[in-house]
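Thank you all for coming.

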Amino acid sequence: MTELIDLFSEMKNIMTKNICNKNTGLLIMRFGLGTIFLVHGILKLQNMDGTIGFFSQIGLTPMLAWVVAIVEVLGGVLIILGLFTSIVGLLLALVMLVAFIKVKLPIGGMQAFLTGEIDLALFVLSLGLACT
């Protein structure tokens, strides 16, 4: 057991001295968040008829479908690159907040939270990056 504790202690020392720091953490978060938005935006753009149809079903205009798809693609790229993270983070947080309110919240009760937890996580991460 002592050997295992020593191993974990040594791993922690290596990571904290060489890899883990604020900048590395932000880079990992930016890469992950940016990739998620980039992929979702590309998927929307590849099927704009379906995207516009879905937006119409929840009471949003076709123009907003285009805006969201473009914001997700460009925002994803900019977040990955670490450019304009404050503005882009706020825009992406707004997209996720509206998604939660328009799509998940109407489900009601605990089910709204359970189906919307990814939307909320992306909202929080986007808002957090906006503050860096």
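Let me start with Leu-105, which lies in the loop between α5 and α6, where helices (DSSP runs of H or I, at least four residues) and strands (runs of E, at least two) are numbered from the N terminus. Before I go further, please keep in mind that this is a predicted model, in which local features need pLDDT of at least 70 and side-chain atom pairs count only at pLDDT 80 or more, while totals for chains, interfaces and linings use all residues. Residues are numbered from 1 along each chain as its sequence is written, and side-chain values use heavy atoms, with hydrogens and water left out.

Leu-105 has a relative accessibility of 44% and therefore counts as partly exposed; buried means under 20% relative accessible area, exposed means over 50%, and partly exposed is in between, with a 1.4 Å probe and protein chains only. If we leave aside neighbours within four places in sequence, Leu-105 is in contact with Phe-100 and Ala-112, contact being heavy atoms within 4.5 Å. The C-alpha atoms of Leu-105 and Met-29, which are 76 residues apart along the chain, are separated by 26 Å.

By class, the residues of the contact of α5 with α6 divide into 14 nonpolar, six polar and two charged, where Ala, Val, Leu, Ile, Met, Phe, Trp, Tyr, Cys and Pro count as nonpolar, Asp, Glu, Lys and Arg as charged, and the others, Gly among them, as polar.

Next comes the other end of α5. Phe-84 lies in the loop between α4 and α5, and with a relative accessible area of 58% Phe-84 is exposed. Phe-84 also has a positive phi of about 55° although it is not a glycine. As background, most residues other than glycine have a negative phi.

Is the next residue, Thr-85, buried or exposed? Thr-85 is buried, with a relative accessible area of 12%, and this residue is found in helix α5, which covers residues 85-104. Not counting residues up to four places away in sequence, Thr-85 touches Arg-30, Ile-79, Leu-129, Ala-130 and Thr-132.

Turning to the neighbouring pair, α4 and α5 pack at an angle of about 140°, with their axes 10 Å apart, and that makes α4 oblique to α5. The residues making this contact include Val-68, Glu-72 and Ile-79 of α4, together with Thr-85, Leu-92 and Val-95 of α5. Val-68 in particular is buried, with a relative accessible area of 11%, and touches Lys-44, Phe-55 and Val-95 when residues up to four places away in sequence are not counted. The C-alpha atoms of Val-68 and Val-95, 27 residues apart along the chain, are separated by 7.0 Å.

Helix α4 also packs against helix α2 (residues 22-46), at an angle of about 150° and with the axes 7 Å apart. That makes α2 roughly antiparallel to α4.

Finally, which residues have the most contacts inside the largest nonpolar core? They are Phe-37 and Leu-92, in a core of 18 residues, a nonpolar core being a set of buried Ala, Val, Leu, Ile, Met, Phe, Trp, Tyr and Cys residues joined through side-chain atoms within 4.5 Å. Helices α2, α3, α4, α5 and α6 each supply at least two residues of this core, and α4 gives the most, with five residues. Leaving aside neighbours within four places in sequence, Leu-92 is in contact with Phe-37, Val-71, Glu-72, Gly-75, Ile-79 and Ser-126.

Definitions and conventions: Axes are lines fitted to C-alpha atoms, for helices over the stretch in contact, and angles run from 0 to 180 degrees between N-to-C directions. Angles under 35 degrees count as roughly parallel, over 145 as roughly antiparallel, 65 to 115 as roughly perpendicular and the rest as oblique.
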